[in-house]
Amino acid sequence: MTTQLDDFETRLLQSLRAEVSQRHQPRSRRGFLVAAGAAAAAAAFVVAPALMPTPAFSVSEGNAGEIKVTITRPEDASGLERALVEHGINADVTYLQDLQTCSPGRYRKSERATPGLMTSISDRSIAVTIPAGTVREDETFVLAWSVLPITEEEIADQNSDLAPGATVVSGFWSNVDFAVASGPVNACEPVPAPESPGS
Amino acid sequence: MKEIGTDQDAFEAFYREHLGFVRKYVARRVDDAHSAADLTADIFLAAIESAHRYDEAKGSAGAWLVGIARNVVADHQRKRARELRALGRINGRALLDDASVERINQRLDAERATRQLYRTLQTLPATQRAVVELVAIDGLSLTESAAVLGITAANARTRYHRARTRLRSALPTTLCEVRS
């Protein structure tokens, strides 16, 4: 049976298809670089240098006024903050190492609903969509991103679950926290992310 | 089936095949369009998340999805949906437009009586309620319900008839002889 879709169901299907494409296994908070069969080892060495010329981030505006942020490397947080200010969004961006996050309580979260504010994690970047009007003049978009390369044991563990023909050659744990803050945002005090390995 | 978690086209076929069921399942349990949109997104997200655990020997894909939908709705009722969406990446209600809200509201209106029955079932013990819910709300047979719940058909039949004894006036008389 094939069901006729309305606009909502079509958009939901598109989002879910994107979700499927971004995951190669069930755990959601990390990205993996997957290469096929025997080329796996080479791919790990070829891909990494090729990433270097890519800008650390990009900021663009969609047709509905939404701001789309893509971050490929956790570098130049202040540059991203300035780019967002140019689009009318006050921002506080923090990059942390070893899967940390900022200790809670450093800002007061806006009580307004923020429909459409979302983030996605892929094997090479994170993306954030900020719909028009989500962050008001007296508010700040707060983002903290931290990555941790996966270990050889974790790579072996993932490969045991993969379908034939695909091999995980590298990957990372990724933790993204984002919110709209109302009022001042205090400095980040790094703490282990709640779902980090060993926390 | 397992490939719906990794293959976009396989997932789309699954989505199109089962969306009709999910629409009704949700409309029979919540009474506002935004919650319905959230639950629809969360049920399919949970299916993607759980696809690798699907075991054909334990039942059909439809029965498996009913089990997932049951868990998602239960989470929603335990107020955990917001936490799940914080971890997930799709906010169902953010994808709505006025026309879609109107269509969902039409489905909600059509299922008003069923939602009343659903609320009535909350007075039953949990084990009985689970069977009656699948039979009386979702139209599954006793055998299908037993597969969803991981119990024998005989056990499901016993639970259903005990529930009918407690709620004789509330259950539709047409369900006196349920499919087995």
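1. What share of the 199 residues in chain A is buried? Buried residues make up 30% of them, where buried requires 20 or more other C-beta atoms within 10 Å of a residue's own, exposed means 12 or fewer, and partly exposed lies in between, with C-beta atoms placed from the backbone.

2. This is a predicted model, in which local features need pLDDT of at least 70 and side-chain atom pairs count only at pLDDT 80 or more, while totals for chains, interfaces and linings use all residues. Residues are numbered from 1 along each chain as its sequence is written, and chains are lettered from A and ligands numbered from 1 in the order in which they are written.

3. Chain A has four helices and 11 strands; these are DSSP runs numbered from the N terminus (helices H or I, at least four residues; strands E, at least two). Of the contacts in chain A with a separation of 6 or more, 71% are between residues 24 or more positions apart. A contact means C-beta atoms, placed from the backbone, within 7 Å.

4. Between the chains, 25 residues of chain A are in contact with 31 residues of chain B. On the chain A side, α1 (7–22) and β7 (118–121) each supply at least two residues, and α1(A) gives the largest share, 12 residues. That side divides into nine nonpolar, nine polar and seven charged residues. Here Ala, Val, Leu, Ile, Met, Phe, Trp, Tyr, Cys and Pro count as nonpolar, Asp, Glu, Lys and Arg as charged, and the others, Gly among them, as polar.

5. In strand β4 (residues 91–97) of chain A, five of the seven residues are buried. β4(A) pairs with strand β9 (residues 139–149) of chain A in the parallel sense over seven bridges; pairing requires at least two DSSP bridges. D92(A) has V142(A) as its bridge partner in β9(A).

Note on methods. Two residues are in contact if their C-beta atoms, placed from the backbone, lie within 7 Å.
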